[in-house]
Amino acid sequence: MFYRFAKCLVKFYMRVLFRVQVEGEIPEEGPFLLCANHTSLYDPVTVACFTERQLTFMAKRELFDIFGLKWILKWVGAFPVTRDKGSIGAVKTSLSILRQGGVMLMFPEGRRNRSAQHIEAKAGMVLIAQRANVPIIPIGIRSSYKPFSKLRIVYGKPISLEEYKAQKLSAEQMDRIAETILDEIYSLAEK
């Protein structure tokens, strides 16, 4: 209930404040992993507002230590992850959400990337999508988030990892797949 109310309110605000353009679409049902570029604190909110399905997402553990923010994050479907340490709990939570038919949002860069530089992709998205046997849908976001500027969201075609379903991928294979997906995300953001 809170999620839908907050989403409607923020979506209205964003449509007033920005010239929003959305291209592409996502499946109406079934689990999948949404993966987007991450240039601003607004990105998770942007994707949540302009994706018809309710999203769940990881947020850095430090945010859950801020008084009041912890409850808001939980109400909107976030759960904590310890960055740069490989959080087994976050992976298990992600798999559980996807196996129950949910939709998750991840940022494969692992942090905000304010530059136009390509940074190394985190392979966690590949691990989670492969183990949950769900497609990854790349999203490119392009905006300065300055008032009345253009906000562009482009949903790409689903990327299936079906061919790797029964395989135990090496770290190098996962890194290579993650880089390919991040390249697609950057390409969508530049459209």
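Predicted model: local features only at pLDDT ≥ 70, side-chain atom pairs only at ≥ 80, totals over all residues.
Two strands count as paired if DSSP finds at least two bridges between them. Helices (H or I, at least four residues) and strands (E, at least two) are DSSP runs, numbered from the N terminus.

Residues are numbered from 1 along each chain as its sequence is written, and side-chain values use heavy atoms, with hydrogens and water left out.

In general, strands of a sheet pair through backbone hydrogen bonds, either parallel or antiparallel. Which sense do we get for β1 and β7? They pair in the parallel sense, over five bridges.

Now the helices. Axes here are lines fitted to C-alpha atoms, for helices over the stretch in contact, and angles run from 0 to 180 degrees between N-to-C directions.

How do α5 and α6 cross? The axes of α5 and helix α6 (residues 171–190) come within 8 Å and cross at roughly 100°. That makes α5 roughly perpendicular to α6; angles under 35 degrees count as roughly parallel, over 145 as roughly antiparallel, 65 to 115 as roughly perpendicular and the rest as oblique. M125, V126 and L127 of α5 meet M174, I177, A178 and I181 of α6, where contact means heavy atoms within 4.5 Å. By class, that contact has seven nonpolar, no polar and no charged residues. For the classes, Ala, Val, Leu, Ile, Met, Phe, Trp, Tyr, Cys and Pro are nonpolar, Asp, Glu, Lys and Arg are charged, and the others, Gly among them, are polar.

Rings of Phe, Tyr and Trp (its six-membered ring) pair if their centres lie within 6.5 Å; planes under 30 degrees apart are stacked, over 60 edge-to-face, and the rest tilted. By this rule we get two aromatic pairs. F18 and Y145 have ring centres 5.8 Å apart and planes at 85°, so that pair is edge-to-face. F18 is in the loop between α1 (2–17) and β1, while Y145 is in the loop between β6 and β7, so the pair ties together parts 127 residues apart in sequence. The rings of Y42 and Y145 have centres 5.1 Å apart and planes at 35°, so that one is tilted. Together, the ring pairs link F18, Y42 and Y145 into a cluster.

Are those residues buried or exposed? F18 and Y145 are both buried, and Y42 is partly exposed at 46% relative accessible area. Buried means under 20%, exposed over 50%, and partly exposed in between (1.4 Å probe, protein chains only).

Last stop, two loop residues. N133 has a phi near 55°, positive in a residue other than glycine, and sits between α5 (124–132) and β6 (136–142). F148 also has a positive phi, near 70°, and is exposed at 58%.
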